[in-house]
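Dear colleague,

Please read them with the model open beside you.

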Amino acid sequence: MGFKEASSTTIFCLLLLFCLTCRCQASELVATQAATLKVDASPQSARKIPDTLFGIFFEEINHAGAGGIWAELVSNRGFEAGGPHTPSNIDPWSIIGDDSSVFVATDRTSCFSRNIVALRMEVLCDDCPTGGVGIYNPGFWGMNIEDGKAYNLVMYVKSPETTDLTVSLTSSDGLQNLASASITVSGTSNWTKVEQQFIAKGTNRTSRLQITTSKKGVVWFDQVSLMPEDTYKGHGFRTELISMLLDLKPRFLRFPGGCFVEGDWLRNAFRWRESIGPWEERPGHFGDVWHYWTDDGLGYYEFLQLAEDLGAAPIWVFNNGVSHNDEVDTAAIAPFVKDVLDSLEFARGSADSTWGSVRAAMGHPEPFPVKYVAIGNEDCGKKFYRGNYLKFYNAIRQAYPDIQMISNCDGSSRPLDHPADLYDFHVYTDSKTLFNMKSTFDRTSRSGPKAFVSEYAVWRSDAGRGSLLASLAEAAFLTGLEKNSDIVQMASYAPLFVNNNDQTWNPDAIVFNSWQHYGTPSYWMQTLFRESSGAMIHPITISSSYSGSLAASAITWQDSENSFLRVKVINFGSDAVSLAISTSGLEASVNALGSTATVLTSGNVMDENSFSNPTKVAPVKSDLSNAAEQMQVTLAPHSFSSFDLALAQSKLVAEM
C-alpha cells in the first residue's frame, strides 16, 4: 500500500469515527430527558401525614423468629418438635457415639405439664470412647459462638444414679473446644434445674452444644436452652437484627403474622395462651404453613415487649376461628371471642386483673398500649368470616371502645358491608404493576374506613432475592400512599426477615444467617421514608413527556434541631433525567449548608446485595451545594433520589 493510498484511508477512517462519535453523542442527548417538578410548600396547601404511616410487619416465616431475631441458640430445646407421641423425631439433636454405646428416645416423663416430652439417654458402654458419648445440638444451621462473649445454659436433668456430665461448646465436628464445664447430677428421681455460664475462648460461626458422659447408666434431659448474654436490652432479641429495625424508625409493629396466625389447620394456629408464662412451660407448636417447629420462646408477651423496645404501636393479629382448611361456625365462636378478650386483658389490664397479673409476674406490671387489632388475616370470603368478625367486633367494641379494628376485606374500591375502623390491603405483584399502582388510592372514597396496606412487595419474576428494580417500584407505590395518607393510615413491607438457610419466601427486607446480615434494596428504600410519618405533605406537579416513568413526593419534616423540605423522586426508566425543581410558598429560605442528596441506584437494575457485598445497592449521601428554591439536578437511570433542603429557622418550625 502506497503513502497516498494510506493517507486517504486514514482520512476516511477519521471521518467515519467522527460521524459515529457525533451519532453516539446525539444518542446520549436523546437519552437524557427533561422534566420539571413544582412543589407548593405553602402552609395552606399542606396536610399532615398520620404519625403511624410507616411501620413493620413481623411474621414467623423463613425462620425469622426461631433461629432469627429470637436469640435462643438451641433448636427443639424441649424435644417437642416430633409431637406428643413417643418415641418421636428429635431433630436436629444427634448422638455422639454409635448405637452400641448410646441409645436415645423420647418419653413422657417431663416435669412440665404443658410439654410432657423429655429425652431419655442410655449409656451402654462400660469403657466409653475418649471424651465420652452423648448428644449434641447444632442450633439453627450452626451456633455463632464468639470469643470472649458469655452464653447462659439452662437445662433440666435427672438420673437415678450420680452422674458426671461434660457440657461443651465446640466446632461442628467437635474438635475445637470453645468452652466447657463439668456438671454433677445427683442420683435422684426428681428433676434438677442446671444453670451454667460459658465464656467462649475462640470464635466459631457453626458451633454446636454437646453433652457427654463416660458413665454407664440412664440420664433424662428436658428444656435445654443456650442464650447469649448480650441480647437487646436483655429481652432475648438478637442485637444486630433489632438495630436494623430501629434504623427504620417504625411507627407500628404488626405481629405475629400472616398465615402463621391462621395455620393450614386450626390445630396448628398460633395460640397466645400457650406462648406466655415461663419459657420452660410453653409447649410450642408446628407452624404448618411454613413447615417448621417453633418453641414459642418468642411469644405474645415478647412481641409486645419488642413493640415497646422499638417505640412502635403494637398491632395484634389474632385468629378468628378460620384457617386455610377449616373454620369454626359462628354459632360456636364464643370461646374464641373470650380468648381474644383475655389476650387484651393480658396486654392492657391492671396488674391485679386476672390476666394482667400474669403479665406483671412476667416482669411488666405496666400495661402495654394495644390500640389496634386485626380480626384474622386474609380471611375475607371464607364462609364464616363475616359472622365471626361481627362477634369479635361487637365484643371488643363494648370492652375496649378505643381499640381500632381492622377488617380483612378490601374497601379500596367499594364500601365494606360491615363496620370497621380500618381495612387490610395486600399486594404482591411485578414491578411494573406496582409502579403503576401509585395512584391506586386516588379514587378511593374518603367517607369509609381507612386503609392499612399491611403487606406490599414486588414479587416473583423481576424481584430476584431483592433487586434494585423491585425497590424502585415499591418506592413509587409509597409516594402514592403518602399522597393519599388522608385515607391510608398505615403501610408495611412483607416479609421482613429471611434466614439464608430457609428461603421459603423471596424477596425479603433483611437477610441473615447465624452471624451475618444485610438489607436488600427494598430495606434501604424504606429508610428514605422513615421521616414521613407525622410529616407535612405538599402538592407537587411533574411536567415531562417522560412523566410516565417518574414518581415523586414532597414533605417537610424536622429533626431535633433543623427543618427540611424533602423531595423524593423515582426514575423508573432507563434514561437519565435533567430535572428542574422549583418550590413556592415556603415560609423559610433554603440553606445550602446542611442540605443533602441521597441516591439509591446501581449499575444494573437487577443488582442485589449479598453477604459478600452487603451494600452494593445502598443509599449514597452527599452535600447538595446547589440547594435552592429553584435548582437543577440530574436523575440517574433506574434511581431513587431524595433531596433534603435545609430550611432556615422560621415560623415553619413552630407550626410543625
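Asp107 is buried (under 20% relative accessible area, with exposed over 50% and partly exposed in between, for a 1.4 Å probe and protein chains only) and yet has no salt bridge, the nearest side chain of opposite charge being that of Arg120, 5.0 Å away. A salt bridge here requires a side-chain nitrogen of Lys or Arg within 4 Å of a carboxyl oxygen of Asp or Glu, and for charge Lys and Arg count as positive and Asp and Glu as negative, with His and the chain ends not counted.

This is a predicted model, in which local features need pLDDT of at least 70 and side-chain atom pairs count only at pLDDT 80 or more, whereas totals for chains, interfaces and linings use all residues. Residues are numbered from 1 along each chain as its sequence is written, and side-chain values use heavy atoms, with hydrogens and water left out.

Elsewhere, the whole structure holds 28 salt bridges. One of them joins Glu455 to Arg254 at 3.0 Å, N to O; Glu455 counts as buried at 4% relative accessibility, and Arg254 is likewise counted as buried, at 0%.

Asp402 also pairs with Arg348, their closest N and O atoms lying 3.0 Å apart, and here Asp402 is partly exposed at 36% relative accessibility, as is Arg348 at 23%. Finally, a network of salt bridges links Lys249, Arg530, Glu531, Arg566 and Asp644.

Best wishes
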